[in-house]
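Colleague: Could you take me through this model, one question at a time, and show how each answer is reached?

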Amino acid sequence: MAAQRTGAPPPPAPGGLSGLGGRELTDPPPEPKQLPELIRRKRDGERLSEEDIKGFVRAVVDGSAQDTQIGAMLMAIRLRGMDLEETSALTQALAKSGQQLEWPEAWHQRLVDKHSTGGVGDKVSLVLAPALAACGCKVPMISGRGLGHTGGTLDKLESIPGFSVIQSPEQMQVLLEGVGCCIVGQSEKLVPADRLLYAARDVTATVDSLPLITASILSKKAVEGLSALVVDVKYGGAAVFPDQEQARELARALVGVGAGLGMRVAAALTAMDNPLGRSVGHALEVEEALLCLDGAGPRDLRDLVIRLGGALLWLSGQAETQAQGAARVAKALDNGSARGRFERMLEGQGVDPDLARALCSGTSAQRRQLLPRAREQEELPAPTSRPLPAGTVERIQALPLALVLHELGAGRSRAGQTIRLGVGAELLVDVGQRLRRGTPWLRVHLDGPGLSTPQRHALQGALLLSDRAPFAAPSPFTELVLPPPFAQP
């Protein structure tokens with residue numbers, strides 16, 4: 001799993017750590033290595049043992065590891081990587097750092113979940129969890145907050161007044177029994193080590209470490225006792241991994257480490273060059289998720305929800321093929337049963353029943369009045385500098401858009417920082433459509449006095465026009481990496 005670097009010493013083979021082979025059974029167990037020694041070893045490209053990794057995680061949880069030491073170890077892992085066994089050991093240590101979830105045996109085949117590596121406008125979890133619940137699944141989704149320039153599922157849900165992401169295991173079981181799904185955060189009891197490392201990664205430039213991503217995702221899922229898991233691995237200009245082959249490497253690592261932990265994991269490769277859907281920003285994305293739960297909304301969002309859900313129903317043995325599973329998820333969106341589960345989840349997680357009902361039954365305009373709103377709106381027109389009167393929208397680059405919104409308060413620059421839930425942007429055009437010069441293509445929601453000149457320039461640069469004929473934008477879903485012995489139906 002470690003990236004190959006010329007000149008770097010190769011890690012020792014598993015079990016080949018020097019100095020251990022001749023120890024007699026009567027010898028006392030070795031003293032745990034001090035954190036500076038562990039950091040030095042990983043910094044120098046050496047392999048950490050399972051006990052080394054357990055010691056580091058234990059120090060993170062009990063508070064004996066200083067913030068500077070945690071950051072140094074994360075950076076050492078980011079630069080030197082980890083092999084598959086180290087990553088598996090880190091995953092297990094994180095998972096065992098807190099309470100393990102236990103469910104009724106009768107639920108086992110129906111326990112499923114989905115996770116995303118993070119994108120711009122990615123509100124799939126808000127739609128998919130209740131849709132799967134409507135299909136008879138149990139979805140104990142443990143999610144995260146915004147990381148880097150990407151938005152977090154928990155932050156989006158907390159834009160709904162009263163929604164509580166902190167639920168005890170007992171409360172989670174009540175929600176799964178009555179609703180079929182819940183979306184919660186890592187409490188102090190559930191995967192506490194990952195909660196601490198997740199926040200540290202966000203502010204130490206270690207978000208894109210393949211072993212840290214793998215361990216973070218799978219540790220949260222390992223405690224859930226799942227039958228099947230699908231991970232949405234993003235690639236492209238606004239993803240953690242811009243290159244599709246890097247994303248495929250992560251996908252294979254997730255599937256491989258998951259199999260070693262006894263989990264049935266599949267990984268979908270999905271493109272993240274353009275924002276997903278038409279809305280970016282916490283409250284705005286909740287509105288768009290509700291549109292999808294109405295059976296409407298942007299085509300790319302609906303397509304991804306249906307494909308990921310279909311794969312999960314198939315992997316868990318609840319559908320004979322992915323296509324059959326996808327049809328069941330689509331039906332749950334179209335007949336209102338998924339939206340009904342979402343409303344019940346909101347109520348179960350602290351939202352006033354009248355507000356939950358109004359959000360799920362109201363119009364788009366009514367919903368906007370119930371959610372946090374930014375103080376100002378500013379529309380950007382298509383550039384007038386083009387020689388032709390119109391162009392085709394070739395791409396709307398998600399990364400510049402996300403970075404500007406981050407500057408406007410939609411993201412965090414340090415752990416625990418308050419974010420502006422109403423800040424965001426609405427795309428007024430679709431990729432592939434014809435756009436005339438001077439026509440508004442983006443509406444920015446902001447709390448400040450207005451966009452700065454550099455911000456406006458960055459946003460205008462995100463719109464790429466071409467002279468070719470209008471076209472239908474392709475689905476962001478490109479590939480599904482499966483665990484053995486599964487094969488594409």
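Predicted model: local features only at pLDDT ≥ 70, side-chain atom pairs only at ≥ 80, totals over all residues.

Colleague: How many cavities of 30 Å³ or more does a search of the whole structure find, and how much space lies in the second largest cavity?

Modeller: Rolling a probe the size of a water molecule over the atoms shows where empty space is left. Applied to the whole structure, the search finds 2 cavities of 30 Å³ or more, and the space in the second largest cavity is about 50 Å³.

Colleague: Which helix gives the most to the lining of the second largest cavity?

Modeller: The lining includes Leu90, Asp194, Tyr198, Arg201 and Leu212, and its residues divide into 6 nonpolar, 1 polar and 2 charged. At least two lining residues come from each of helix 4 (84-95), helix 8 and helix 9. With 4 residues, the helix that gives the most is helix 8.

Colleague: Is Thr206 buried or exposed?

Modeller: Thr206 sits in the loop that lies between helix 8 (192-202) and helix 9 (210-222). Leaving aside residues up to four places away in sequence, Thr206 touches Leu74, Met75, Arg78, Arg201 and Leu212, and of these Arg201 and Leu212 are also among the residues lining the second largest cavity. Because its relative accessibility is 0%, and the cut-off is under 20%, Thr206 counts as buried.

Colleague: Which strands are the edge strands of the open sheet of 3 strands?

Modeller: This open sheet has the order 10-8-12, with antiparallel pairing. Pairing on one side only is what marks an edge strand here, and the two that do so are strand 10 (434-436) and strand 12 (463-466).

Colleague: What is the average twist from one strand to the next in that sheet?

Modeller: For the sheet with the order 10-8-12, the twist from one strand to the next averages 55 degrees.

Colleague: How many bridges join strand 8 to strand 12?

Modeller: On one side, strand 8 (residues 390-396) is joined to strand 10 by 3 bridges, where Gly391 stands opposite Leu435 and Thr392 stands opposite Arg434. Towards strand 12, Val393 has Leu465 as its bridge partner. Strand 8 and strand 12 run antiparallel, and the number of bridges joining them is 4.

Colleague: Why is strand 8 largely enclosed by the rest of the structure?

Modeller: Helix 18 (residues 453-462) lies across strand 8 and strand 12, and runs at about 40 degrees to strand 12. Strand 8 is described as largely enclosed because, of its 7 residues, the number that are buried is 5.

Colleague: Which strands stand at the edges of the open sheet of 4 strands?

Modeller: The order of this open sheet is 6-9-11-7, and its pairing is antiparallel. A strand with a single partner strand has one side left without a neighbour in the sheet, and so the edges belong to strand 6 (279-280) and strand 7 (376-381).

Colleague: In strand 11, which residue is the bridge partner of Leu380?

Modeller: Strands of a sheet pair through backbone hydrogen bonds, either parallel or antiparallel. Strand 7 and strand 11 (residues 440-446) run antiparallel and are joined by 6 bridges. In strand 11, the bridge partner of Leu380 is Leu442.

Definitions and conventions:
Residues numbered from 1 in each chain as written. Heavy atoms only, no water. Buried < 20%, exposed > 50% of the residue type's maximum accessible area, 1.4 Å probe, protein only. Contact = heavy atoms within 4.5 Å. Pairing = 2+ DSSP bridges. Axes fitted to C-alpha atoms, helices over the stretch in contact; angles between N-to-C directions. 1 Å grid on protein atoms, 1.4 Å probe; cavity = no way out; pocket = protein on both sides within 12 Å on 5 of 7 lines; lining within 4 Å. Points joined across faces, edges and corners; volume = space filled by probe spheres on them. Nonpolar A, V, L, I, M, F, W, Y, C, P; charged D, E, K, R; others polar.
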